[in-house]
Amino acid sequence: MLFELMGVAALLFGLFFCAVGVLGVVRMPDSLTRLHASGKVATLGLFGLLLGTALLMPSVWLRLLALGLFVLLTSPVATHAIAASVHRRREIAGELVETDSAAQPADMTGVDVSAVLSRSRIQDIIEAQERARRHKRPDGRPRNDSP
């Protein structure tokens, strides 16, 4: 009976943090603060749910422990990748938008940067093709400078 009460309390704890995290993702003004709110869901909310499930169903505690360790190891990496992507997008968007602060939107992640990315990738491809042409013989075979 005590384990059931503790399990329900842990489930309610996890459910509370999941709800607050979702509310934070919806209500926060920019992408980095939304990322912070979603990180709280991944740690406190999920671990509350896992602990509650382990207390209510002791036969699956080992699987829940493995799931918790997996989330604990992968969540910071995923959060860092998303934050780095937002940072790069803001740098590119800053180059596109005029430096006048009145013209810049509050959240620059909404600026379309695909044209700049496409142009830079096309230019890289053209340069690579030109380098490859310089290293080929007139008959199309690659040059081999070694004897």
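Q: In which element does G14 lie, and why is G14 called buried?
A: G14 belongs to helix α1 (helices are DSSP runs of H or I with at least four residues, strands runs of E with at least two, numbered from the N terminus). Buried means under 20% relative accessible area, exposed over 50%, and partly exposed in between, with a 1.4 Å probe and protein chains only as cover. The relative accessible area of G14 is 0%, so G14 is buried. This is a predicted model, in which local features need pLDDT of at least 70 and side-chain atom pairs pLDDT 80 or more, while totals for chains, interfaces and linings use all residues. Residues are numbered from 1 along each chain as its sequence is written, and side-chain values use heavy atoms, with hydrogens and water left out.

Q: How do you know that the span of helix α2 agrees with its number of residues?
A: The expected span is 1.5 Å times one less than the number of residues. Helix α2 (residues 31–56) has 26 residues and should therefore span 38 Å; its end C-alpha atoms are 36 Å apart, which agrees. α2 bends by about 25 degrees at V41, the bend being the angle between axes fitted to the seven residues ending there and the seven starting there. Among the buried residues of α2 are L35, G45, G48 and L55.

Q: Why is the pair of F16 and F17 called edge-to-face?
A: Rings of Phe, Tyr and Trp (its six-membered ring) pair if their centres lie within 6.5 Å; planes under 30 degrees apart are stacked, over 60 edge-to-face, and the rest tilted. Here the centres are 5.5 Å apart and the planes stand at 80 degrees, so the pair is edge-to-face. The structure holds two aromatic pairs, and ring pairs link F13, F16 and F17 into a cluster. F17 has a relative accessible area of 23%, so F17 is partly exposed.

Q: Which residues make the nonpolar surface patch of about 450 Å², and which helix gives the largest share?
A: The patch is made by V8, L12, L15, L56 and M57. Helix α1 (residues 2–27) gives the largest share, three residues, and L15 is in α1.

Q: How many helices and strands does the chain have?
A: There are four helices and zero strands.

Technical notes: Patches are made of residues with over 30% relative accessible area and no salt bridge: like charges are joined within 9 Å, nonpolar side chains (Val, Leu, Ile, Met, Phe, Trp, Tyr) within 5 Å. Accessible areas come from the Shrake-Rupley method with a 1.4 Å probe; for residues, only the protein chains shown count as cover. A salt bridge is a side-chain nitrogen of Lys or Arg within 4 Å of a carboxyl oxygen of Asp or Glu.
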